[in-house]
Amino acid sequence: MRGLRAGGDDAELIDARAIDLPMLDRMFKEYAPGEAPPKMAELAAKIRAADGFVFVTGEYNWGVQPGLKNLTDHFLEEWFWRPAAIASYSAGRLMGVRANLAWHPILSEMGMVVISSSLAVGPIGQAFDAEGATTGPVGDALDASFPRFADDLRWWADAAKTQRATRQPPY
């Protein structure tokens, strides 16, 4: 968050656990106007207003985190025509890359362009100090790779925003 904000981005952390949507029963679009749960309607508005997304994901049994997947599945058109970046982490040396790879086709299917840059951090316990500042060799690697990751997302976010202002999406 600090890195995005330092680059001039208006970034907001959306925590799937804090939002605590129910297990998917109905997507947001399946509710009549004004009848969706308030936290779902609020999140839909935030997604529609965003120019791009960073999905921060840990690895869960070689795959995606169920809570984040549940949150994303409540929405569809809200995600369309915006870029997505994936940042993964794990406690081990593989840095969550299996989850990172699993998210690519999921986000693409949801109408997002997944940028080519990805961010993988691990062991996550060696990346940050108690105040959340990067530390040690793992933190140094994160600091070195983050600028390209953020610039790639910004480029695609600007391109998509310009295109959406110029022309209606094809569907």
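Mentor: Start with Asp73 and Lys69, whose side chains meet in a salt bridge, 2.7 Å from N to O. A salt bridge here is a side-chain nitrogen of Lys or Arg within 4 Å of a carboxyl oxygen of Asp or Glu. Both residues sit in helix H4 (residues 66-73). They are 4 residues apart, about one turn of the helix. Helices (H or I, at least four residues) and strands (E, at least two) are DSSP runs, numbered from the N terminus. Asp73 is partly exposed at 22% relative accessibility, and Lys69 is partly exposed at 24%. The cut-offs are these: buried is under 20% relative accessible area, exposed is over 50%, and partly exposed lies in between, with a 1.4 Å probe and protein chains only.

A word on the source. This is a predicted model, where local features need pLDDT of at least 70, side-chain atom pairs count only at pLDDT 80 or more, and totals for chains, interfaces and linings use all residues. Residues are numbered from 1 along each chain as its sequence is written, and side-chain values use heavy atoms, with hydrogens and water left out.

Back to the charges. The whole structure holds 10 salt bridges. Another joins Lys46 to Glu12, with the closest N and O atoms 2.7 Å apart. Lys46 is in helix H3 (residues 38-49), and Glu12 is in the loop between helix H1 (2-6) and helix H2 (16-19), so this pair ties together parts that are 34 residues apart in sequence. Lys46 is partly exposed at 31%. Glu12 is partly exposed at 47%.

Next, look at Asp51 and Arg164. Their side chains form a salt bridge of 3.3 Å, N to O. The pair links distant parts of the chain, 113 residues apart. Asp51 belongs to the loop between H3 and strand S1 (53-58), while Arg164 belongs to helix H6. Asp51 is partly exposed at 29%, and Arg164 is partly exposed at 22%. Elsewhere, Asp9, Asp151 and Arg154 are linked in a network of salt bridges.

Stay on helix H6 (residues 136-166), which also holds Trp155. Trp155 is exposed, with a relative accessible area of 54%. Together with Val113 and Trp156, Trp155 makes a nonpolar surface patch of about 320 Å². Patches are made of residues with over 30% relative accessible area and no salt bridge; like charges are joined within 9 Å, nonpolar side chains (Val, Leu, Ile, Met, Phe, Trp, Tyr) within 5 Å. Areas come from the Shrake-Rupley method with a 1.4 Å probe; for residues, only the protein chains shown count as cover.

Now go to a buried residue. Ala85 is in strand S2 (residues 82-89). Ala85 is buried, with a relative accessible area of 0%. Leaving out residues up to four places away in sequence, Ala85 touches Phe53, Val54, Phe55, Ile115, Phe149 and Leu153. Contact means heavy atoms within 4.5 Å. The C-alpha atoms of Ala85 and Trp103 are 9.8 Å apart, and the two residues are 18 apart along the chain.

Last, the strand partner. S2 and strand S3 (residues 112-121) run parallel, joined by 7 bridges. Strands pair if DSSP finds at least two bridges between them. Ile86 stands opposite Ser118 in S3. From S2 the chain crosses through helix H5 (residues 97-109) to S3, a right-handed β-α-β crossover. Right-handed means that, with the strands pointing away from the viewer, the path from the first strand over the helix to the second runs clockwise.
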